[in-house]
Amino acid sequence: MEFSAPVLNYTLLSPMLILLGGALIGVLVEAFMSKALRPITQLSVTLGTLVLALVQVWKVRNEQSVSAAMGSVVIDGPAVLLQASIIIISIISVLLIADTEHFTALAASLPGSDEERHALQTGNQVTEVYPLTLFAVAGMLLFPVSSDLITLFVALEMLSLPLYLMAGLSRRRRLASQESALKYFLLGAFSSAFFLFGAAFLYGYSASITFSGIRDAVVGGGGNDVFLLIGIAFLSVGLLFKVGAVPFHAWSPDVYQGAPTPVTAFMAAATKVAAFGAMLRIYYTSFANAQWSWTPMLTIIAIITMVFGSLVAIAQRDVKRMLAYSSIAHAGFLLTGVIALNKAGLEASLFYLFAYGITTVGAFAIVTLVRDSAGEVTDLNRWKGLGKRSPWVATAFAGFLLSFAGIPLTSGFIGKFSIFSAAYESGARSVVIAGVLSSAIAAFFYIRVIVLMFFTDPVEDGTSVEIPSSLTSITVIFSLIVTIALGVFPAPILNFISNLATFIR
Amino acid sequence: MTTSNSLVYLIALPLLGATILLLAGRRADKWGHILGTLMSGSSFAVGLYQLSQMLGRSNTARPVEQKLFEWISVGSFKVDAGLLLDQLSICFVLLITGVGTLIHIYSISYMSHDHDRRRFFAYLNLFIAAMLLLVLGNSYLNLYVGWEGVGLASYLLIGFWNQKPAYATASKKAFVMNRVGDMGLSFAIMIAFATVGTVSFAGIKEHAHHTSTAALTAMGIMLLVAATGKSAQFPLQAWLGDAMAGPTPVSALIHAATMVTAGVYLITRSNFIFDAAPTAQLLVVIVGAITLLFGALIGTAKDDIKKALAASTMSQIGYMILGAGLGPVGYAFAIMHLLTHGFFKAGMFLGAGSVMHGMNDEVNMRKYGALRKFMPITFVTFGLGYLAILGVPPFAGFYSKDMIIETAFNAGGIKGILLGSVTLLGAGITAFYMTRVMILTFTGKARWDEEAHPHESPLLMWLPMAILAIGSVSSGYLLSRGDALVNWLSPLFEHHGEHEELLAPIVVSALALGMVAIGVAIAFLKYSRQEVASVAPENVSVFTKIAREDLMQDRFNEAVFMRPGQQLTQVLVKTDEAVIDGAVRGVGKLAMGSSSLLRGVQSGFVRSYAALIFVGAALLIAAIWVVVQ
Amino acid sequence: MDAANYLYLSVLLFTIGAVGVVVRRNAIVVFMCVELMLNAANLAFVTFSRINGDLNGQVVAFFTMVVAACEVVVGLAIIVTIYRSRRSASVDDASLLKR
Amino acid sequence: MNSLILLMLLPIIGSIAVAVTPKTKEVLTKQVALGTTVVVALATIAMAVNFQRDNVELQFVEKYSWIPTFGINFAVGIDGLALVLILMSTILAPIVVLAGWNEAHGGRWSVKTFYILILVLETMMIGVFVATDVFLFYVIFEAMLIPVYFLIGGYGSGERSAAAVKFLIYSLFGGLLMLASIIALYVMSGAQGGHTFDLQALSQLQMSSTTQNFLFLGFFIAFAIKAPLWPLHTWLPDAAASATPGTSVLLLGVLDKVGTFGMIRYCLTLFPEASKTFTPLIMVLAVISIVYGAILAIGQKDLKRLIAFTSISHFGFITMGIFAMTSQGHSGATLYMFNHGFSTAALFIVGGWMIARRGSSTIADFGGLQRVTPVMAWSFFLAGMSSLALPGLSSFVSEFLVLVGTFTRYPVHAVIATFGIVLAALYILIPVQKALHGPTTPGNEGLSDLNLREKIAIAPVIAIIIALGFYPSPLLNVINPASAHVIAQMGFTDPAPTNGDK
């Protein structure tokens, strides 16, 4: 048998390749650059790579190809939109990560050890977080565009492994941070085992590992349905874990709380986009015709997820945990987009993912600003009277919360409206009702925070608000502008999306 | 129908007066009373002018209309702001403005010491305007405006000294009980619109004959309810006694001469309804009969001179209502008694006021006595009024009241006999308590407090009294000479055949005078022969006690309406807080509770999280199993 | 011999692995159970590859091994740090973050 | 000037102007705000003049594409109903600003913020009435909660934040139900020829009666909460009790009208059948509101809460008039909305002054004010009289129209409702007696009477109350065609005189 070299369309793959390249450069910088120049170099390399990748994505926005990498990667409208969203979110998250204050000087050192203190004093701040970020981003870009099971699995691990590590890098409360890393890692590995097992059965069912092959098998029928169903079920476990849907959500509150806030922002926003992107692709293309088998399952999960997320968030006392639960609720709302299984649903989901991602980063960016001598203050009771102490920060945060709550004139409302109407159009009434009701519950705790910030008097306990670094302020302002703009005048972006949003097979 | 542009001035002038006086505030203190009196007087002049015009026209062409503007017009519900002056309303116009003006003059002096006199005159003008609107409106809705307008004026005047809590309460009581009556009026209007499709007098009169008796009866009863409210008739009579809290001129004008007679006007005005609704008419008669005894009985026990007079007013209006209830034959006599009563009762109230004025506002007759020497004019004028109300010929009451008694007898059958005897009995009791008032006040020996030094009132006060006295002497004769009033009003009422006479007029008069004589005699024996205690004796018959208590009317209302109402309110306030709002807060608590409950799932142990995932996956498989099977 | 048996075996291994994750306390062991699950998946792949008569399944198996190796690196790194700072590899001790 | 969108922009421009005024010059800030509101009022009146009464079609129509993807337009236009309500809102606004000249000072934030919120709110108040695109309506309907929320929570008194939250949650809940209905409409419109939110187009949709009932409820509950209809009323007393008088005026006078306005504009237009189905239930609720609100008003000890409960009773009348489906009831209800705006405004404004002077809102703390501060006392008395619908004052006309209009179709309801007028006498006269009459309570001797600014503020309100009592035609002529149109669309005709079935 003769060996034929693989044909790769480098233009279409360039965004991912660029990122991987940037990541490798990052590693080298980490190894050989003098510690003084390291942080700034890393930052510029990372930003540069991301921007370059974004440019590339923009270049190929109208390309469509299933054979970008021997049929393992498909580039189409949704792919471009998802990749663009991920990169934009990553850029503004990196602006947060740039604030080294959040990261331990020496991850390998013992918490509170001399070694660590020394590294801190000598300013010997290791900056491995940048290359890790880039690797993760690369994985995230690959995840939603992969079109066979191998690539999907590899991409999954590629985006997960760096995140596991990044979760453990916090400078303050390192034990908690490491714990979150451990939890994230063990559960992540656990779920990816399910994922892989499911993949195996899909392969067994369809005798093919490409999505199109699976699709043909599903359309043709004839295969062993049990294999198909087990396949779908276990694959879903892996995906639902990543998006944080009940009952596979348990990791997210702990990890969100434990991880360094910039990392939380990054993974809360970007991971959701990537995971939902992959989910949408595989459900809309491969499983579309097996709707009967998975719609009920997803419907139930979606309902449980949104209700659970909204309910539990009410009783939270820690702002990061509260946002975690709110993101669980939003995962539920996003699932309705998958259930919808129509073009409207796809467009809505893409819009929602982008809008939600940006808002999330913005919200966490605010969280990084509220600090006292011992670092960030995430206890809500100490956020009292924030509106008095620093009205603008509080106002921005209120804006993000209102968007989460889906109040009109914010991106959150447009997103909710479009995704619910798409779901309703596909006849998934129960989900819409549940969505509306849980939105009502959710509104309750978003408003509670606003009350805390504006209508209660500050407690004098040294909680102060950091004057935001220029980078952080860029993130906040950008996110806020996008959040409002997408709420007031979403027409352009919606048009852009609806022109591109069609999966090719 | 003849139209005129000047009707509106009747109302506009006093209204203007009121507005100016209220807006000008203290600035007007110097000339306010003058302006008020002038406005009322000029309105009276306009009335006279209208009368002269009216006399100049033929019997049928007398009514005058003026359409001001389209007030409310929605779909078929069209009401113009229109005025109607016909033979009926002109009587009232002249009574209101005439007596009104006299009382304005009286008040100038009576209120001269009150530094809020201007405000008082503003209210008086307001009242005149509202009352004129009441009698001039050409539809029930316009009448309604005046109807509540006088209610407001009366509220303001009763509460004129509302710094005294009791007085404030009295005014509130009056307004609320009137509102209950007003409700009846609104019901009547609604029924009218729903059944007849219009609310104007003319329109309803036109359709009355092809409208079902049921509907008309309903309307009639509702109108009666309204009348009982405004005219202090049973069962809505309780407010009148307390209304005496107002300055005496108010009692004279509003609670004797004019406003309280509005009920009689309403019923006579609605003759086309009542004539077609016998049941309603019967009720009217019954109410009248009950009230005339009710009032009379209360009158016998009152030591407060004003309350005694108020009770008598109640009872006299009972006569009028009864008369009006007797149908076409009765209307004219009701109105006649209304007019004559307007004179003598107003006169007597002013007399009472004059007495109080002399006795530094003492109202307890047991603290009076022997005043005829000190205030002769008051004594004479009051006395004339007294003779008039007793119905002694040839004084006014003789003509008007006997007519009603006579008509009552002629009502026919058992009904006639009953009514007749009731009215006779009433006449007797009236004689008793009025005589009692006379004796206690003017005769016997003085029982005054030390600081009292009675004196005759100044000209401005006794002049109106004198004029009214003349009225109480002559009005009856003038109005009944050649059935003047009856013929004057006859075009308005549909006459069916005369009733057969049960008793000859002369007999009736004889009986009546007999009763009166008995009443007077008893009074003399009881109060003139023996000493009168200056404090009301406690060891009196239970009947007297009850009478003093206004026949328990207030206790009844309190027990049946007020207290249950207050309790209901309290209960509802609590329920709203506890149940309805409680439910709302409950939802919140529920969410909070379930939230803290569900948090438990997040144990913090990695293995339990893994277990969660495992179970989740297992459930999915189970689901699949179900699907496949 | 019937290939289905290999499938049963893989399912059995997978379940053992999953249960192990839930019941064992030592992080290392837990992690090994995960590896067991991955290999169960591999077995399934290879079996199916055999049933379907193509090589894809076996290719996947190789990929999986590589990925698993990476996972081991990261995993052990994390576990070791935790162990160093806590002097315990029991996953139950790591429960600061909860509720 | 005949552009509704320009009208909506004016307050926004004003708010920007306010924003740029220096923080130190509070008076300037207030003057700018006042000036803006006055201009808006004049502009509205100018439009009202150019309004063609007998044309039942929407007028001053403007339409710009907003979110074409969902077929959403920024479409505005008004009929008689909307015109009346805009007039009310924009006339009330300057009065509120002038009357509450010093309201902003007790607040958590600057005076500027207060007036910015007020002006933004005014824009939304106009917008919510002029929107002819359901989506646009919903957006404003929800968005206008936010400024009110901050006005109550930031500048109110007492349990202000709790009250604000209660208000917001209540309203959001209703709003979300409405959102579900709107989504359903949108989807159906897509199925029946093109996604759209155009009110006219949506009213043509074919749907099964069950669907219609559910969607109707979605809308109605939202409006019933706003209105507020028993038993969804409990947020109102709290909100009104904690808000500043000015805010309360806008809240009860204008925002709550959105509820009753919505019932006419959306419930009846979009779901005629369902409206008919639910009419019996709604009529009962309305009657309950009337009596219940009145009785609870009688039981209140706090002046603001009392006024709030009277409004619940009044909204009962409005709702009853709307669903009586007679031209009298309907026009009456619309007129009632306008009149209630002003009588409640008068009560709250004067009540607010009394409270501000006395430093307490407990009725028992007042007493004898008529002698101490005659002008203020008279203003309050007149306001009360119009609230109990004294003939000759504006509210009488509307209340009586509602009663008559209801009686012709629902006599029993009308009769029970009429008992409300006796209760009204009680709930007004009791506070009048306690606060204005009787001996002057110690501590009140020194209270100052209304100053010129306050007189200027209250004068127009009282003038309107009296003028419309005697001459309501100008408004009725605008309202009648609109109401007749709705009644006709619903396929109703006024019951003819029965002559007692003879």
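In chain A, A:Arg371 has A:Glu376 of strand E2(A) as its bridge partner. The model is a predicted one, in which local features need pLDDT of at least 70, side-chain atom pairs count only at pLDDT 80 or more, and totals for chains, interfaces and linings use all residues. Residues are numbered from 1 along each chain as its sequence is written, while chains are lettered from A and ligands numbered from 1 in the order in which they are written. Helices (H or I, at least four residues) and strands (E, at least two) are DSSP runs, numbered from the N terminus. Two strands are taken as paired if DSSP finds at least two bridges between them.

Strand E1 of chain A (residues 370-372) is joined to E2(A) by 2 bridges, and the two run antiparallel. Both belong to an open sheet of 3 strands in chain A, with the order E2-E1-E3 and antiparallel pairing. Strands E2 (375-376) and E3 (464-465) of chain A stand at the edges with a single partner strand each, so one side of each has no neighbour in the sheet. Strands of a sheet pair through backbone hydrogen bonds, either parallel or antiparallel.

Chain B also contains an open sheet of 3 strands, in the order E1-E2-E3 and with mixed pairing. Its edges are strand E1 (2-3) and strand E3 (77-85) of chain B; each has a single partner strand, so one side of each is left without a neighbour in the sheet. E1(B) and E2(B) run parallel and are joined by 2 bridges, with B:Thr3 having B:Glu65 in E2(B) as its bridge partner. Strand E2 of chain B (residues 64-74) and E3(B) run antiparallel and are joined by 9 bridges. Within this pairing, B:Gln66 stands opposite B:Leu83 in E3(B). E2(B) and E3(B) form a hairpin with 2 residues between the strands, where B:Gly75 takes a positive phi near 55°.

D:Tyr64 is placed opposite D:Phe74 of E2(D). There are 4 residues between E1(D) and E2(D), and D:Gly71 in the turn has a positive phi of about 65°.

Chain B as a whole has 24 helices and 3 strands, and its C-alpha trace spans about 115 × 65 × 60 Å along its principal axes. Of the 629 residues in chain B, 59% are buried. A residue is buried if 20 or more other C-beta atoms lie within 10 Å of its own, exposed if 12 or fewer, and partly exposed in between, with C-beta atoms placed from the backbone. B:Gly593 counts as partly exposed because it has 13 C-beta neighbours inside 10 Å. This residue is found in helix H23 (residues 553-599) of chain B. Contacts are assigned to two residues if their C-beta atoms, placed from the backbone, lie within 7 Å. Of the contacts in chain B between residues at least 6 apart in sequence, 81% join residues at least 24 apart.

Helices H15 (residues 328-358) and H19 (residues 459-480) of chain B pack at an angle of about 160°, with their axes 9 Å apart. H15(B) is therefore roughly antiparallel to H19(B), the class for angles over 145 degrees, with under 35 degrees counting as roughly parallel, 65 to 115 as roughly perpendicular and the rest as oblique. Axes are lines fitted to C-alpha atoms, for helices over the stretch in contact, and angles run from 0 to 180 degrees between N-to-C directions. By class, the contact of H15(B) with H19(B) has 13 nonpolar, 10 polar and no charged residues. Ala, Val, Leu, Ile, Met, Phe, Trp, Tyr, Cys and Pro count as nonpolar, Asp, Glu, Lys and Arg as charged, and the others, Gly among them, as polar.

Among the 5 pairs of chains that touch, chains B and D have the most contacts. In this pair, 46 residues of chain D are in contact with 47 residues of chain B. H18(D) supplies the largest share of the side of chain D that touches chain B, with 10 residues. That side divides into 25 nonpolar, 17 polar and 4 charged residues. Between chains C and B, 10 residues of chain C are in contact with 10 residues of chain B, and the chain C side consists of 6 nonpolar, 1 polar and 3 charged residues. Chains C and D are joined by no contact, and their closest C-alpha atoms lie 26 Å apart.
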